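Hi there,

Here is the structure I promised to pass on, with the sequence alongside.

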Amino acid sequence: MTTDTDAKLIEQGRLLFAGEWKFIWASPSIETLPPMAGMEVAFAGRSNVGKSSLINSLTGRNALARTSHTPGRTQELIFFEGPDGSDFRLVDMPGYGYASAPKVKIASWTKLIYNFLQGRASLARVYVLIDSRHGLKDVDLDVLRSLDRSAVSYQIVLTKADQVKKSELEKNLEQVRTELRTHPAAFPEVLVTSSRTGDGMAELRAAMVRLLNERN
């Protein structure tokens with residue numbers, strides 16, 4: 001992309017996410033999913049990686065997505081809808097890798113997520129959130145391989161970049177970039193963000209606008 005294109009997408013993203021966003025649906029099972037409409041992007045990540053905080057920061061709303069200090073609290077697919085006419089939804093997926101949850105519940109979440117990824121034609125991309133402080137873990141790699149098998153386009157977003165030293169951030173960023181070369185469904189660009197400072201949010205919004213433009 002040219003610099004002019006970057007600037008245009010960033011401004012389009014600012015305007016889109018400055019509009020009204022609202023909660024519209026919570027699905028505990030594949031049977032209760034809302035009808036497909038427009039374009040959807042989903043957010044996946046380990047419990048406590050900061051998915052809800054990132055969604056709130058993206059939309060400029062402190063309480064759109066429920067944040068919790070209790071890992072694994074989000075147990076449903078949560079849908080948020082953008083401004084009228086945008087035909088755009090955000091989907092907050094249940095956090096994965098929370099070992100303290102009952103095994104039956106983890107299996108139920110896993111099945112729900114897998115079925116959602118398999119059969120959702122309106123799903124344009126999954127943003128897989130990785131904690132900048134820790135980099136990729138085995139459970140993350142399992143998820144990436146599942147996305148590869150499902151042929152679902154995904155992109156890595158590093159979160160909490162303000163909480164790690166620059167040298168450590170660069171090391172973990174390089175680890176992610178190297179790993180992504182072996183994953184066919186991965187979008188190669190890695191986004192680095194901080195919900196606290198707002199760093200990287202403009203670029204993430206722009207990435208979503210680019211997807212919207214490609215679909216229209």
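**Helix α1 against helix α6**

Helix α1 (residues 3–18) packs against helix α6 (residues 201–215) at an angle of about 95 degrees, and their axes are 8 Å apart. That angle makes α1 roughly perpendicular to α6. On the α1 side the contact is made by L9, I10, Q12, G13, R14, L16 and F17. On the α6 side A202, R205, A206, M208, V209, R210, L212 and N213 take part. Sorted by class, this contact of α1 with α6 has nine nonpolar, three polar and three charged residues. Please keep in mind throughout that this is a predicted model.

By class, the contact of α2 with α6 has five nonpolar, one polar and one charged residues.

Next, the strands. Seven of them form an open sheet, in the order β1-β3-β4-β2-β5-β6-β7, and the pairing is mixed. The edge strands are β1 (22–27) and β7 (191–192), each of which pairs on one side only. Inside the sheet, strand β2 (residues 39–45) and strand β5 (residues 123–131) run parallel and are joined by six bridges.

Which strands do the helices lie across? Helix α2 (residues 51–59) lies across β2, β3 (77–81), β4 (88–92), β5 and β6 (154–159). The direction of α2 is at about 140 degrees to β2. Helix α6 lies across β2, β4, β5, β6 and β7, and runs at about 165 degrees to β5.

**The chain as a whole**

Stepping back, the secondary structure comes to six helices and seven strands. Read from the N terminus, the elements run α-β-β-α-β-β-α-β-α-β-α-β-α. The C-alpha trace spans about 50 × 45 × 35 Å along its principal axes. A compact globule with 216 residues would have a radius of gyration near 17 Å, and the chain, at 16 Å, agrees with that. Buried residues make up 50% of the 216 residues. Among contacts with a separation of 6 or more, 75% are between residues 24 or more positions apart.

**A few loop residues to look at**

D87 lies in the loop between β3 and β4. Is D87 buried or exposed? The cut-off for exposed is over 50% relative accessible area, so D87, at 55% relative accessibility, counts as exposed. K160 is found in the loop between β6 and α5 (166–180).

The loop between β3 and β4 also holds P83. With buried meaning under 20%, P83 counts as buried because its relative accessibility is 18%. P83 and L16 are 67 residues apart in sequence, yet their C-alpha atoms are 7.3 Å apart in space. Beyond its neighbours within four places in sequence, P83 is in contact with L16, G19, E20 and W21.

Lastly, A185 sits in the loop between α5 and β7. A relative accessible area of 14% makes A185 buried. Its C-alpha atom is separated by 7.0 Å from that of L147, 38 residues apart along the chain. Setting aside neighbours within four places in sequence, A185 is in contact with L147, D148, V152, S153 and Y154.

Notes. Residues are numbered from 1 along each chain as its sequence is written. This is a predicted model: local features need pLDDT of at least 70, side-chain atom pairs count only at pLDDT 80 or more; totals for chains, interfaces and linings use all residues. Side-chain values use heavy atoms; hydrogens and water are left out. Axes are lines fitted to C-alpha atoms, for helices over the stretch in contact, and angles run from 0 to 180 degrees between N-to-C directions. Helices (H or I, at least four residues) and strands (E, at least two) are DSSP runs, numbered from the N terminus. Angles under 35 degrees count as roughly parallel, over 145 as roughly antiparallel, 65 to 115 as roughly perpendicular and the rest as oblique. Contact means heavy atoms within 4.5 Å. Ala, Val, Leu, Ile, Met, Phe, Trp, Tyr, Cys and Pro count as nonpolar, Asp, Glu, Lys and Arg as charged, and the others, Gly among them, as polar. Two strands pair if DSSP finds at least two bridges between them. The radius of gyration is taken over C-alpha atoms; the globule rule is 2.2 Å times the number of residues to the power 0.38. Buried means under 20% relative accessible area, exposed over 50%, partly exposed in between (1.4 Å probe, protein chains only).
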